[in-house]
Amino acid sequence: MTSGYRVALIGSGCWGSAIAKIVGLNVLNQPEIFEKEVLMYVYEEIIDGAKLTDIINLEHENVKYLPDIKISPNVIAVPDVVQACTNADILIFVLPHQFVKETCEKMASAIKPGALGLSLIKGFVLSEGEGIQLVSNIIKNTLNIETAVLMGANLATEVASEMFCETTIACHNPEYHPILSRLFQTPYFRVKVIENVAGVEACGALKNVVGIGAGIVDGLGYGDNTKAAVIRLGLMEMMKFTKVFLDSDDISVFFESCGIADLVATCHGGRNRLLGEAVVKSMKLRGWAGVDIRLLEKEILRGQSFQGPLIAKEIYTYLKDHEMLDQYPLFVAIHRICTREVDPRNFIECLRDHPEHM
Ligand SMILES: NC(=O)c1ccc[n+]([C@@H]2O[C@H](COP(=O)([O-])OP(=O)(O)OC[C@H]3O[C@@H](n4cnc5c(N)ncnc54)[C@H](O)[C@@H]3O)[C@@H](O)[C@H]2O)c1
């Protein structure tokens, strides 16, 4: 190629903005590899009478989703996803998973042939009659491009504050490995690139459900031993599910940042742990009938959303369709607590009676 790789960001929430900070500086510092300008698709919103895209382009800060963190001025916010993706060689997808399909459909006619997709999105896509699919497959099949993934123990606000962490990138094509590493690696954000795309992606989605379970035991007032049990039982269900869903015996991904490290981080920090805890606290305050996840979202997140309950529903649907509900009591209990079929006070019984202890 004559000029450098042109990078675009599709998404600009908390994680998208933290990644924009890293990618913006890395492309600036490596003009021999990358084009300087990075277009970032921003789902337009009005904040105090001004467009979010204008605020980002003026203040170089996403004041709504990642306040007090500066993004380099070569990252340009655009409200039109087609404009953002036109001519891009590397497309970084970082939207909540429920918006990925419709966004890809809008982009389909503007994709540069041979472009590479990279998904940072944690979740599955549940389609009527088709069951659940990996987000990377939706991107790959809708846009007809190879799609890699990046997942890891990467709470966005900590990454944005340059606290040391690791991440896992998976890409089938080894030719891209050094380029992706150069695009993301910083002294505080350490990258390991491997090839098992589906395995890495499944880890990233599944751990969000276990995170809710960790929050539930926090809300119930249990201690670190109980949380460790949730983490271990959750990991066992994650590994079992991945083996069946992906028909793969590769357990090495669970020892990468995308596996055990992300699971531990999610069960201690992160939005889904917060949700689990809030569900129990809200129940104590309002009674079980008064617990409303949408209301908690408004109270706690102010405009963002909890991904965990949606992912729990996606997994539950798969397990039900395949008559495997009884083999995944932790995933099932968490889904049923989120849908108010089960009182969270019964969660400990589910842990106690887990098939691991029979
Ligand atoms: N936040 C984190 O710490 C973190 C870390 C790693 C991975 N992730 C993953 O990154 C993805 C994005 O999460 P986030 O935390 O950046 O999001 P967020 O919750 O901070 O922001 C939500 C985003 O969705 C956009 N949006 C709302 N409606 C939309 C629509 N109809 N179409 C398109 N976009 C719309 C909003 O403008 C906003 O940019 C998720 O899959 C998440 O699991 C998040």
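The model is predicted: local features need pLDDT of at least 70, side-chain atom pairs count only at pLDDT 80 or more, and totals for chains, interfaces and linings use all residues. Residues are numbered from 1 along each chain as its sequence is written.

Q: How many residues surround the ligand?
A: A residue is near a molecule if its C-beta atom, placed from the backbone, lies within 6 Å of it. The closest are Gly13, Cys14, Trp15, Ala156 and Gln304. The shell count is 24 residues.

Q: Which helix gives the most to the shell around the ligand?
A: Helices are DSSP runs (H or I, at least four residues), numbered from the N terminus. The top contributor gives 3 residues and spans residues 14-29. This is helix α1.

Q: Is Arg271 buried or exposed?
A: UniProt, in an unreviewed entry, lists Arg271 under "binding site"; such annotations may be inferred rather than shown by experiment. A residue is buried if 20 or more other C-beta atoms, placed from the backbone, lie within 10 Å of its own, exposed if 12 or fewer, and partly exposed in between. Arg271 has 22 such atoms within 10 Å, so it is buried.

Q: Where is Gln307 found?
A: The UniProt "binding site" list also includes Gln307. Gln307 counts as buried because it has 21 C-beta neighbours inside 10 Å. Gln307 is found in the loop between α12 (293-301) and α13 (308-321).

Technical notes:
Helix = DSSP H or I, 4+ residues; strand = E, 2+ residues; numbered from the N terminus.
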